[in-house]
Amino acid sequence: MIDSPQTVVEHPFYKFRKAIANKEFLITAEVSPPKGSDPTHMLTQTRSLKGRVHAVNITDSSRAVMSMSPVAASVLIQQQFGIETVCQLACRDRNRIALQGDLLGAAALGITNILALTGDPVKAGDYPEARSVFDYESVRLLQLIQKLNQGFDANGKALPHQGTNFLAGAAVDPQSRSWSGLQRRFERKINAGAQFFQSQLITDFERLDKFVNQIANQSDKPVLAGIFLIKSAKNAIFLNKYVPGVQIPEHIIDRLAKAKSPLQEGLAIAAEQIQTARQICQGVHIMAIKAEHLIPEILDRAGVATL
């Protein structure tokens with residue numbers, strides 16, 4: 001028996017794509033899966049995000065540091081709290097066979113959003129002797145997701161047991177030194193099917209404004225500015241030294257160093273950056289590593305209401 005249109009139930013995890021279509025100010029937050037099989041801490045940190053973010057990004061062994069499968073972690077969060085997830089998927093550790101297998105499995109388990117990433121080099125992580133794969137990179141992964149959404153595999157053959165319906169996103173670095181390279185890469189990702197973009201950590205908002213006005217606004221795809229909770233001057237110096245592409249300026253480091261409570265100052269800085277980003281682009285992607293429970297406070301300070 002086929003349900004009439006009146007009885008069809010809307011998919012519970014299509015709210016993020018609806019928010020994009022409605023031009024809402026988008027809020028996502030990043031959560032790291034555990035380095036172990038017990039998800040309790042991850043779930044505890046995520047609980048407070050319900051009703052405050054449109055979706056939670058689940059990282060895929062970020063910085064090449066081994067952690068639980070992002071597919072498994074995404075399913076646990078969606079089942080436990082009903083919070084929509086953006087499941088990151090990196091090409092670093094998978095060939096095209098494994099990528100397709102994970103994507104089909106993710107779709108079957110109710111994951112609807114994928115952030116397609118090339119992945120950090122293994123030398124940056126805790127298994128520097130591991131063998132990299134990089135059969136694909138992010139643009140080709142986006143193209144693969146397009147094919148799966150159309151009901152075909154990577155070889156162009158029809159999938160006999162249904163395709164996927166992913167909303168695919170991509171990363172962008174508006175602070176990239178190569179303007180032409182940034183524009184070229186952005187356009188390639190648009191052409192490959194990216195429907196939204198989440199940026200790396202942003203500190204140069206003039207550069208972000210230039211990127212949005214001169215490049216991103218040529219498309220109708222939203223850009224979410226990366227907002228990072230910097231907990232201290234020492235934390236800022238560490239990020240500048242060890243995280244590729246991070247450029248935290250001296251005036252922020254000095255501000256944190258002089259603060260009576262560096263963490264509280266970090267919360268204030270993040271809130272101010274959200275307010276600035278709100279005047280420039282269509283959303284923010286908040287990263288508060290090991291302090292995700294503080295994200296609601298950051299949003300409150302920034303004047304962002306509960307969803």
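A pocket here is an open set of grid points with protein on both sides within 12 Å along at least five of seven lines. The model is predicted. Keep both points in mind while looking at the structure.

Start with empty space. Rolling a probe the size of a water molecule over the atoms shows where such space is left. The second largest pocket has a volume of about 300 Å³. Its lining is made up of 16 residues. Lys-15, Val-53, His-54, Gly-82 and Leu-307 are the ones nearest the centre of this pocket. By type, the lining of the second largest pocket holds 7 nonpolar, 3 polar and 6 charged residues.

Now turn to the rings. The whole structure contains 4 aromatic pairs. One of them joins Phe-16 and Phe-196. Their ring centres are 5.1 Å apart. Their planes meet at 85 degrees, and planes over 60 degrees apart count as edge-to-face, so this pair is edge-to-face.

Where do Phe-16 and Phe-196 lie? Phe-16 belongs to helix 1 (residues 15–21), while Phe-196 belongs to strand 6 (residues 196–201). The pair therefore ties together parts that are 180 residues apart in sequence.

Are these two residues buried or exposed? Residues under 20% relative accessible area count as buried. Phe-16 has 0%, so Phe-16 is buried. Phe-196 is also at 0% and therefore buried.

Elsewhere, ring pairs link Phe-186, Phe-197 and Phe-211 into a cluster.

Charges meet rings too. The charged end of Arg-17 sits over the ring of Tyr-14, 4.2 Å from the ring centre. Lys-210 places its charged end over the ring of Trp-179, at 4.5 Å from the centre of that ring.

Conventions: Residues numbered from 1 in each chain as written. Predicted model: local features only at pLDDT ≥ 70, side-chain atom pairs only at ≥ 80, totals over all residues. Heavy atoms only, no water. 1 Å grid on protein atoms, 1.4 Å probe; cavity = no way out; pocket = protein on both sides within 12 Å on 5 of 7 lines; lining within 4 Å. Points joined across faces, edges and corners; volume = space filled by probe spheres on them. Nonpolar A, V, L, I, M, F, W, Y, C, P; charged D, E, K, R; others polar. Phe/Tyr/Trp six-rings, centres within 6.5 Å; stacked < 30°, edge-to-face > 60°. Helix = DSSP H or I, 4+ residues; strand = E, 2+ residues; numbered from the N terminus. Buried < 20%, exposed > 50% of the residue type's maximum accessible area, 1.4 Å probe, protein only. Lys NZ or Arg CZ within 6 Å of the ring centre and 35° of its normal.
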